[in-house]
Structures are given as C-alpha cells and as structure tokens.
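User: Could you take a close look at one part of this model for me and then work outwards from there? I'd like the side-chain contacts with their geometry and cut-offs, told as one connected story.

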Amino acid sequence: ILVSALLTSDPFSLRLSPVLLCLLCVLSSLVDLTTACPPTCFCNATDVDCSGRGLLSMPALTHLPVSARTLLLPNNHLSSLGSFANLTSLERLDLSNNYLDNLPPALFKDLGNLSDLTLHNNSLRALDRDLFQGLVGLRKLDVSLNGLSDIPLGLLDELQGLTWLSVAGNRLHALERAAFEPLANLQSLQLGANPWECDCNLRDFKHWMEWLLYRGERLKDGVECTLPKDLRGRDIRGVPVEMFNYCLQLDDENRGGGGPRSGGKEGSSPPCGRTTGPGAPTSESEVPAAGDLVPVPDCVRRRYQPVSVRRAIGTVVIAGVVCGIVCIMMVGAAAYGCIYASLMAKYQRELKKRQPLMGDGEGDADPEDKQISSVA
C-alpha cells in the first residue's frame, strides 16, 4: 500500500519518500518479531513464554526471536534440548519441571550473557564437567530436585561470578571441597534434603562451609547427617571437629603405605591444581595419570589445613591465654582471701586475750568508786 501510494503521489510527496521508506523498514521489522514465535507460545520483543504447553521438544531456533532475553520452558515434557546458538542475548532460561535426563557437554557455551539458569525438578543423574562452559556471566543456578549423586571437579570452575546455588533434593552423600572453591562470590547456598554421610569424605567440605559462614555468607538450610547412626539428624556444622580426628590417623597410615585413601572414594584425593593435559580425569571414577598432578600426599596435607582451621587454631590460642589469665587472677584472689581470713582469725584471738575478765574488772576499779558504793 505504501509503495503504490509513493508511485501515485505528487512530486512533493516523493521528496518525503525516504521518511516513508524508513517507516516501512520499521514496520517490516516489527512484523518479523511478531512472526518469529512458536505457535503455542507467547512472545514479545524480549520474552518467550512456553510454560505448560505440553511440548515434547524444544522449539526451533527459527521460531524464536533472536533478541529474546527470557526463555521460559517449564512444566513441559522435554527430554532433550537443541542448540541455543542464535540466542546470544538470552539472560534467563527456565527448564524446570521437565524430563531432562542427559545434557550434552558445552550445551550453553553460546549463552555468555545468561545470568539465571533453572534446571529444577528434572531427571538429571549426572552433569558433564563441561556442561556450564562459557557461562561466565551466570549469577544464579538451580539444579535442585534431580538425581545427582556427585558434583564433578571442574563443573563450577567458570562460574566464578555465581552468587546463588541450589543442589538441594538430590542424592548427594559427600562433596569435594575443590569443586566449590572457585565460587569466590557465592552468597547463598542450598544443600538440604540430601542423604549426607558425615564421615571423612565430608570433612573438608565441612571446613569449606565453616569458611563460607565465617565470611558472612548464608547457608539456606541444614546439612543433616543420615550416617553414621550416632549422628543421624544432626547438622554437620554442629558436629565437633574432634570427631574427625581419626581421619587424620587414616591419612597418615595411607600416606605411609603409599596407597590411596581408604576413607574416601578412589581418586577422591584433591588435586593441587587443575590438570590441563590429556590425562586429566573427567570423573571421580578415573584415577589421574602419573605426572598430571602434584603428588597426592602434599596436596592432601595442604587441603587439610584450610584457612578457616588456621584461624580457628588462633582463636583457641587466644582463648587459652585469656582463660589462663582469668585462672591466675582467681588463684590470686583465693590466696588473698585465705591470707586475710587467717589474719582476721589471729586478730580475734589476740583481742580475746586482751579483754579483762568480769571479776578482774571489779578488783581493778578506782578506790573512790568503791568508797562511794559503800556509803550508798
């Protein structure tokens, strides 16, 4: 219509044709935005909402606006995902309440602007260590209510800006401290509803949690032990560190024998640094090749002396000095009391000796007083 109007218009109108052409381009772009949307979803320039549509597969990228910042796909029947290559502007992705059971490595590598990823309530039993590769801007990650039994080393290495993390409601028995140490900006962590085994495998992670609390960060829920029986129902943060002293003995014995740690899983000894060679382990079940890591005894020795423990030892020393000073003051006060009591007793005895008897008092009376009393 606009083109025909331009052709039939007068010369004055033709001088305004560039303005009309620009308007035509804007209208055509708006038409493209409205047509680039899956039929069952609701779309606008920045949001795509496909919640609860019964989808069996992810919508094709050609049906999604490339400028979308939010993609909502919860409450569907998704069991697999396609590529997100064209959605580089995406900032929020919600895949909760689906049937996802296996996510390929580097699935989200093109989503460098993603800040919020939700995988809540799926069927994930394992996560590839390269799954979150490229998510350098991620701030919130929710993998709760899945079937995860492990958080592999390296999975969270690129998520240094992460501030909120939930792994609640999984099948986690223990966690490696080294897997969480890259999260320097973590502020909130959810760990509840997992079958924690409070043994030597969880000792170092307990130290890391104490350091997290020392920094003033928050643990949203408790870490209740299921095993051993004498600790069942107790929060591991309240279990005294002395109960893990036997772990040190086991470590000394195993280092002396040169074998792997019997108190943990095979290959669970922490690395002193990330391996970059081809022999780097990809899961807990793989044992690092010789030469890839610094010898295990040195690494174990460093990890078992975390900053939080060193500060705790300093606190104990200071508290001991203060208690010693208080005890010395109490002993001094007790000695002073005893000396004072003995001196007062001695004084009372001397005072009694010096007091005249009643009969002696009449004999020592003044003669004039005796004369007055006889006249009377």
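**Starting from one tryptophan**

Analyst: Let's start with Trp-211, which has a relative accessible area of 22% and therefore counts as partly exposed (buried is under 20%, exposed is over 50%, and partly exposed is in between, using a 1.4 Å probe and protein chains only). A quick caveat: this is a predicted model, so local features need pLDDT of at least 70 and side-chain atom pairs count only at pLDDT 80 or more, while totals for chains, interfaces and linings use all residues. Residues are numbered from 1 along each chain as its sequence is written, and side-chain values use heavy atoms, with hydrogens and water left out.

Helices here are DSSP runs of H or I with at least four residues, strands are E runs of at least two, and both are numbered from the N terminus.

Now for the rings. Searching the whole structure turns up 6 aromatic pairs; rings of Phe, Tyr and Trp (its six-membered ring) pair if their centres lie within 6.5 Å, and planes under 30 degrees apart are stacked, over 60 edge-to-face, and the rest tilted. One of the pairs is Phe-180 with Phe-205: the centres are 5.2 Å apart and the planes sit at 65°, so it is edge-to-face. Phe-180 belongs to helix H4 (residues 177-180) and Phe-205 to helix H5 (residues 203-214), so this contact ties together parts that are 25 residues apart in sequence. Phe-180 is buried, at 0% relative accessibility, and Phe-205 is buried too, with a relative accessible area of 1%.

Back to where we began: the rings of Trp-211 and Tyr-214 have centres 5.4 Å apart and planes at 25°, so that pair is stacked. Tyr-214 is exposed, its relative accessible area being 52%. Elsewhere in the ring network, Phe-180, Phe-205 and Trp-208 are linked into a cluster by ring pairs. There's a charge over a ring as well: Lys-140 lies over the face of Trp-164, 4.7 Å from the ring centre (the rule is NZ of Lys or CZ of Arg within 6 Å of the centre and within 35 degrees of the ring normal).

On to the cysteines. The structure holds 3 disulfides, each defined as a pair of cysteine sulfur atoms within 2.5 Å. Cys-37 and Cys-43 have their sulfurs 1.9 Å apart, and the torsion about their S-S bond is about 75°, so this disulfide is right-handed. Cys-37 is buried at 16%, as is Cys-43 at 18%. Cys-41 and Cys-50 bond with sulfurs 2.0 Å apart; at 115° about the S-S bond, that link is right-handed, and both cysteines are buried.

The disulfide of Cys-198 and Cys-225 has a sulfur separation of 1.8 Å and is left-handed, at -95° about the S-S bond. This pair links distant parts of the chain, 27 residues apart: Cys-198 is in the loop between strand S9 (196-197) and H5, and Cys-225 is in strand S11 (residues 225-227). Both Cys-198 and Cys-225 are buried.

Cys-323, by contrast, is in no disulfide; its nearest cysteine sulfur belongs to Cys-327, 6.5 Å away. Seen from Cys-327, that 6.5 Å is too far for a bond. Cys-323 is partly exposed at 45% relative accessibility, and Cys-327 is partly exposed at 45%.
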